[in-house]
Amino acid sequence: MIRSLSRLKLDDVPVAREVGRLSGVSGILLEATGYAFETGQHARIETTSGEWLDARVVGFRNNVSYLMPFRKQAGLVAGARVVADSGERRLTIGPAWRGRIIDGLGEPIDGLGPLLGEQPLSLRPPRVNPMKKQPVRGVLDVGVRAINGMLTLGRGQRVGLFAGSGVGKSVLLGMITRQTEADVVVVGLIGERGREVREFIEHSLGPEGLKKAVVVVAPADESPLMRLMATELCHAIAAHYRDAGGNVLLLVDSLTRYAMAQREMALALGEPPATRGYPPSVFGLLPQLVESAGNGEGAGSMSAIYTVLAEGDDEQDPVVDTARAILDGHIMLSRDLAAQGHYPAIDVARSVSRCMTLVTSGAHQQAVRELRELLNRHAQVRDLIPLGGYVAGADPHTDRAVSLHPRMAAYLQQGMHEAAPLADAIAQMEALLA
């Protein structure tokens, strides 16, 4: 009996472990042979220092598997061991995550100790059956007068913030983060300059905004894989709090950097470019990411705001065009308004909230239509006024638009630390049009 038990224990001990070998390094990709790795699987590569470099399998061709490291690669040699990880890395999340700053792997980078949690969290966002998703319901009060009054958002809506560089995008995001009525705000800073990360957290977000926020950071010097994982982790965290019954706001800055990271990976794998250097897979992944946001099956809500960079203020950029089609609205920031000192530089005439009619009253919608018409009439004669080409009295509606323009411009402007609740925004609009 004793011999039998001993023999069973010895048989259970593996005498060998299958490993792959590093056969090449090509740019950001690592090539491994000798083991059948699965796509999406995590693996570890031995370095000359004796440490292990974490990576993910992103593709294969014939007997060669392609891996992309999470961190900067160093100390790699031909023939180094490549070991398949035992399983997908999982995190545990809880209320203690609020106020913390983490990277794309879920590791804290704020020096405040380990992250504590009770519930398991996958690194990838869950998928929700579209027939079980709850519709957009209730107003999302973001505390910005131009948005609350003219582009009212609903809980569960996904909207794009389209902007070029230097038009006040980060300041507007900070205002929304601090003032939005949400239980949790998840902020993803993807592909930003390292200097801007701390500036956004300390100045735009501030201590007040950070208290209810979880910030996921993947600066521009991180690998494309880390930028992708950080974006997906943002959605996974937001979905967790949503499914727990909370009202969640997700801010991703920016969706364009996510697309660029996927472009780098796809081109490295040999996928041919299609539209302005973007491979077709990019435009397949963007809807998958966006569809993981929004409301779920329970009582919680998940609203999402994605910044989209219009490089050179080009609105026909393929990422801009795709984002406009798959989101539930877009908020355009104008460089001309920013040059005039008009902040936030929201061009309401070119912006739209597709869910506004679902969450606002008929009187509110009528007031918005009237104010839009007045802004459009003023825009038609704006260039004639300083030249003396506009003569009052020809059209009473245009005369009213010209006389009300200073008040309309003041209504659409707002200080960085000024709060504008929804009720006040509606009341001020009604007083303006009275």
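Aspartate 395 caps the N-terminal end of H12, with a side-chain oxygen 3.2 Å from the backbone nitrogen of histidine 397. Helices (H or I, at least four residues) and strands (E, at least two) are DSSP runs, numbered from the N terminus. The model is predicted: local features need pLDDT of at least 70 and side-chain atom pairs count only at pLDDT 80 or more, while totals for chains, interfaces and linings use all residues. Residues are numbered from 1 along each chain as its sequence is written, and side-chain values use heavy atoms, with hydrogens and water left out.

H12 bends by about 50° at histidine 405, and proline 406 follows within four residues; the bend is the angle between axes fitted to the seven residues ending at a residue and the seven starting there. Among the buried residues of H12 are Thr398, Leu404 and Tyr411, where buried means under 20% relative accessible area, exposed over 50%, and partly exposed in between (1.4 Å probe, protein chains only). The buried residues of H12 pack against helix H2 (145-150), helix H11 (362-381) and helix H13 (422-433).

Serine 334 lies in the loop between strand S17 (329-332) and helix H9 (335-339). Serine 334 is buried because its relative accessible area is 9%. Not counting residues up to four places away in sequence, serine 334 touches Val167, Ala345, Asp347 and Arg350, contact meaning heavy atoms within 4.5 Å.

Cysteine 234 counts as buried because its relative accessibility is 0%, and cysteine 355 is buried at 8%. A disulfide is a pair of cysteine sulfur atoms within 2.5 Å; by this rule, the count is zero disulfides.

How values were computed
Polar contact = N/O pair within 3.5 Å; in protein donor to acceptor, adjacent residues only side chain to side chain.
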